[in-house]
Amino acid sequence: QLQLVESGGGLVQPGGSLRLSCAASGFTLDHYHIGWFRQAPGKEREGISCITSRGGSTLYADSVKGRFTISRDNAKNTVYLQMNSLKPEDTAVYYCAARGGSERLLLFRLCVSERYYDYWGQGTQVTVSS
């Protein structure tokens, strides 16, 4: 079994915070780069952040830079996305994705490319509304 499971989504008011988790089963995440994506209703899936397998490099889309923080705890086989100062525009289904690799740096264009990743979670809904 090879699976990624997102959790932590929900309904939050503008300005609030959520922490999303991406947990792996069937494989260990310490050899996988992880990307976070989101898809709002009627829009294309958007890559917003990624982290290298060792956690030494992180990248963010301009839309979330300064508000979201990606991190990982390989001992727990989990990657996190801390989301602060949430806006209604952040409303979307959030997905995590994994790609095997040991590179210490990633190009942003790869980080946000769906085609780069091999495994995907089912998504978790984030709704930002007053």
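## The salt-bridge network

Arg 38, Glu 46, Arg 67 and Asp 90 are joined up in a network of salt bridges (a Lys or Arg side-chain nitrogen within 4 Å of an Asp or Glu carboxyl oxygen). This is a predicted model, where local features need pLDDT of at least 70, side-chain atom pairs need 80 or more, and totals for chains, interfaces and linings use all residues. Numbering starts from 1 along each chain as its sequence is written, and side-chain values use heavy atoms, leaving out hydrogens and water.

Arg 38 pairs with Asp 90, with the closest N and O atoms 2.8 Å apart. Asp 90 sits in the loop between strand 8 and strand 9 (92–100) and Arg 38 in strand 4 (residues 32–39), so this contact ties together parts 52 residues apart in sequence. Strands here are DSSP E runs of at least two residues, numbered from the N terminus. Arg 38 also bridges to Glu 46, at 3.0 Å between the closest N and O atoms.

Asp 90 and Arg 38 are both buried, while Glu 46 is partly exposed at 29% relative accessible area. The cut-offs are under 20% for buried, over 50% for exposed and in between for partly exposed (1.4 Å probe, protein chains only).

Strand 7 runs antiparallel to strand 8 (residues 78–83), joined by six bridges (pairing takes at least two DSSP bridges). Thr 69 has Gln 82 as its bridge partner in strand 8.

Definitions and conventions: Helix = DSSP H or I, 4+ residues; strand = E, 2+ residues; numbered from the N terminus.
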